Amino acid sequence: MGLGVQIDLSAPDAMEQIRHNIELLWKEHERLSGMGGPVKFASALDLRVKKTIGGLTGLPSLHRSSHQNGGSDEISVLGLSGLLADAQTALLHKVSHQDGGNDELNAAGLAGLLADPQTAAAGGADTEMQFNDGGALEGAPNVRYDPATDTLQLGGASDYTEIEADGTIKAVGGATTFNDINISGLALGTGPAAPAIIAINSTGILTYAFIGTGVLADELHGSLEALHDYLEGSDIVPHVHWCPTTADAGNVKWQIEYIWISRTGTITTSTTIAVTTAAGGTAWALKRSDFPTVDGTSRNIGDRFMFRIFRDPADAADTYGFDAAILDVGIHYEKDMMGSRGITTK
């Protein structure tokens, strides 16, 4: 048998060609051996096969090194679809997403709750703690702690409630509130022309009635103290609660002569203020007449407000010619604390 074997080892199917030709040679060997005698190759075949096969040292070596990471012919799975033959384990890549990473994540704008509990970071100046409107860490802070004075402020920059180092609560600006001091009319002292005592609307309850005719001015006297929750330096508004005793029309002019003196001061000259209110035409309808505001500059807790309230029926502005029944007299005042720290000091 004359066989010519020519194999190109650089061909993609070189291994398949070698396997196929060896198989043919072996079959030829079996055929010739069966015919009696050892296998003998023709010189041309012997030279070609021995030269070609003899140059091989074995199967081609593994060439994965050329395809793996860093190889000369590196293979990448990017862009491929489907499943890889081997199971893949996700690599930890938190470093790229954490603070300072090349793909840093930011929780701003995300909805819902974060998986881990959050601790508010220090904000503001120095060690000031701030919780701001709407839960956002921006805008004007409405909760502020000042470590220098050890005080906590709740509210805006100028209107807030302050909790001081000793636990005292103080209102500032719009956080202040108002209170009322009232003295029953029957608890007031009478003057030279005392009002008559009458029954309220035919009941068994009595009160003073200021006459609406004649030339004498009915009057009552009393005094009040600036209480310990008073916002020192703020104004006050005296007022009187009263009722007309008939359904007639007309105006009642109430007047107050007062002195407001310091608890350690000297009694000075008095001031008189007045307010005129329509009777309204309904008997025993409750009225409140507010006098002009009284300046409270430099006034403090414990200061005395002494007064005389009167009605002068001879005054041209007083046109209701019947009794005006007084219920009580008082002042409205502004307060900033529940009381004072000391007996005489805020």
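Nine salt bridges are present in this predicted model, a salt bridge being a side-chain nitrogen of Lys or Arg within 4 Å of a carboxyl oxygen of Asp or Glu. Local features need pLDDT of at least 70, and side-chain atom pairs count only at pLDDT 80 or more, while totals for chains, interfaces and linings use all residues. Residues are numbered from 1 along each chain as its sequence is written, and side-chain values use heavy atoms, without hydrogens and water.

Select Arg308 and Glu219: their side chains form a salt bridge at 2.7 Å, N to O. Arg308 is in strand β15 (residues 304-311) and Glu219 in strand β10 (residues 218-225), so the pair ties together parts 89 residues apart in sequence. Strands are DSSP runs (E, at least two residues), numbered from the N terminus. Glu219 is buried at 8% relative accessible area; buried means under 20%, exposed over 50%, partly exposed in between (1.4 Å probe, protein chains only).

Leaving aside neighbours within four places in sequence, Ala194 contacts Asp218 and Glu219, contact meaning heavy atoms within 4.5 Å.

Next, select Arg341 and Asp166, a salt bridge at 3.6 Å, N to O. Asp166 is exposed, at 54%.

Finally, colour by pLDDT, the predictor's confidence in each residue, from 0 to 100. The protein chain averages 83, but residues 36-61 are below 50. Where pLDDT is low, the predicted coordinates should not be read in detail.

Methods. Helices (H or I, at least four residues) and strands (E, at least two) are DSSP runs, numbered from the N terminus.
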